[in-house]
Amino acid sequence: MGGVFKYMPEFIYRAKKGPAETVDGQITAEHTEAAIARLLKMGLSPVDIRLKADVLRKVLPEPPRAFLKGFHRKVSRAEVAVFIRQLSDLAESGLPVMQALTLIERQTKQPVLREVVGKIAGDVQDGASLSQALGRHPKVFLNVVVNMVQSGELSGTVEDVLSYLADVLERDQEIRSNVSASLVYPAFVLSVGICTIFVLLTWVIPRIVGIFDDLGESLPLATRLLMGISFVFARFWWAMLLVSVLAGLYAYRTLKTAEGRLRFDRFILRVPLIGDLIRRSVLERFARTLGMLVQSGVDIVSALEAVKGISGNAVLERDLNGAIIRVRDGDPLTEALSGCVLFSETSLNLISIGETSGALASGLLKLAQLYGRQTQRAIKTLTSLIEPVLILVLGAFVGFIVLAMLMPIFRMNLMVQ
């Protein structure tokens with residue numbers, strides 16, 4: 001017995017055998033995709049396939065669906081990317097869309113996404129196209145996803161479009177994850193530093209101030225300044241907290257308005273390093289998405305309308321409104337975009353070359369690659385600078401506190417000597 005036993009999970013399936021006959025059975029495979037592939041080779045069209053262990057687990061009581069929804073009220077972008085990837089893989093394996101949606105619904109653990117996928121499957125079963133079914137959930141699927149799937153349906157390349165969409169969504173999620181991971185440690189240092197300084201100013205320093213008051217000597221300017229700051233924090237910390245909360249609420253409500261968001265985005269674009277990073281990131285997303293839509297056969301006006309909604313920047317959205325009007329009136333895309341403040345001369349030249357050569361989609365995708373590389377370098381530069389700058393600022397403030405407290409003590413020692 002030289003072989004090693006390898007456990008193979010068992011799946012319970014229901015599949016179509018011909019137009020009317022339905023069969024049930026069990027099959028062993030390494031994973032769900034392998035089980036589907038085996039059934040297709042057997043001439044069966046899977047309708048439902050689940051792990052046998054999951055079926056047995058159904059006898060146990062499940063938490064109420066409404067209770068679970070309290071913890072999963074929104075579908076994240078990462079979950080949407082996983083859904084598109086699953087749908088793409090199943091479609092490429094030859095599985096019909098309806099059956100693929102049914103399988104994904106069975107395997108999805110996030111309650112809200114599972115409910116959305118179930119509704120999409122129901123709409124498709126009732127005769128709606130996949131793009132129409134996706135478009136009925138605008139809070140989950142962006143307009144560009146719906147438009148691209150629709151173009152794939154018209155051109156007969158849904159599998160290719162879904163695969164391309166999955167690649168783009170996964171790359172976007174990877175960038176977000178890298179940025180978030182890079183900011184975890186600086187955020188932790190900043191939080192600990194702020195808490196430490198707050199405790200020093202509101203609790204520690206007021207108890208030491210009494211010693212200096214008994215000296216009857218004039219205190220150094222730094223010490224008096226620190227005592228004044230400490231007095232304000234110790235007596236009016238509640239007022240400062242209240243003002244901070246009110247200011248945060250006002251900023252939140254202001255950013256919900258179109259004018260407030262435009263002012264904020266215009267301001268953030270002028271911030272050194274951060275503004276440059278945001279500009280490149282926005283233009284990368286714009287060029288890649290527009291290139292995908294044009295490559296999929298979407299007309300330029302509809303593509304610009306879709307891109308406008310996902311740009312994530314009010315300044316670009318405002319400029320694209322004017323560009324869409326100019327393109328609709330017959331102006332070339334390069335001339336229409338020349339009025340957008342975010343586009344540099346280099347980017348406009350690349351778009352112009354692609355437009356005049358009849359390869360606009362290729363030019364836009366090359367521009368997206370260029371801005372993608374620049375975005376990656378800007379992220380590395382920014383994240384590498386945040387930590388030392390943060391430590392330097394916090395260290396300077398703590399050093400000021402220590403120096404202000406020690407200067408009267410040094411003066412006392414000199415007087416004693």
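The chain exposes about 24,300 Å². Carbon and sulfur atoms supply 62% of that area. I keep in mind that this is a predicted model.

**Entry: the chain as a whole**

I counted secondary structure next. The chain holds 17 helices and three strands. Of its 417 residues, 37% are buried. I then checked contacts between residues at least 6 apart in sequence. Of these, 60% join residues at least 24 apart.

**Entry: nonpolar cores**

I asked which residues touch the most other members of the largest nonpolar core. That core has 84 residues, and the answer is Phe83, Ile84, Leu101, Ile120, Phe286, Leu337 and Phe343. Leaving aside residues up to four places away in sequence, Phe343 touches Leu283, Phe286, Leu316, Leu337, Leu348 and Ile351. Two of these contacts, Phe286 and Leu337, are also on the list of residues with the most core neighbours.

**Entry: helix 10**

Where is the kink in helix 10 centred? I found it at Phe236, with an angle of about 80 degrees. Helix 10 covers residues 221–255, 35 residues in total. Its end C-alpha atoms are only 41 Å apart. A straight helix would reach 51 Å at 1.5 Å a residue. I also noted burial: Thr223, Leu226, Met227, Ser230 and Thr254 of helix 10 are buried.

**Entry: aromatic pairs**

How many aromatic pairs are there? I get four. I wrote down two of them.

Phe198 and Phe233 pair edge-to-face, 6.3 Å centre to centre, with 70 degrees between the planes. This pair links distant parts of the chain. Phe198 sits in helix 9 (residues 158–213) and Phe233 in helix 10, 35 residues apart.

Phe231 and Phe236 also pair edge-to-face. Their centres are 6.5 Å apart and their planes stand at 80 degrees. Phe236 is the residue on which the helix 10 kink is centred.

Phe198 has a relative accessible area of 38%, so it is partly exposed. Phe233, at 21%, counts as partly exposed. Phe231 is partly exposed at 42%, and so is Phe236 at 40%.

Methods. Residues are numbered from 1 along each chain as its sequence is written. This is a predicted model: local features need pLDDT of at least 70, side-chain atom pairs count only at pLDDT 80 or more; totals for chains, interfaces and linings use all residues. Side-chain values use heavy atoms; hydrogens and water are left out. Helices (H or I, at least four residues) and strands (E, at least two) are DSSP runs, numbered from the N terminus. The expected span of a helix is 1.5 Å times one less than its number of residues. The bend at a residue is the angle between axes fitted to the seven residues ending there and the seven starting there. Buried means under 20% relative accessible area, exposed over 50%, partly exposed in between (1.4 Å probe, protein chains only). Contact means heavy atoms within 4.5 Å. Accessible areas come from the Shrake-Rupley method with a 1.4 Å probe; for residues, only the protein chains shown count as cover. A nonpolar core is a set of buried Ala, Val, Leu, Ile, Met, Phe, Trp, Tyr and Cys residues joined through side-chain atoms within 4.5 Å. Rings of Phe, Tyr and Trp (its six-membered ring) pair if their centres lie within 6.5 Å; planes under 30 degrees apart count as stacked, over 60 as edge-to-face and the rest as tilted.
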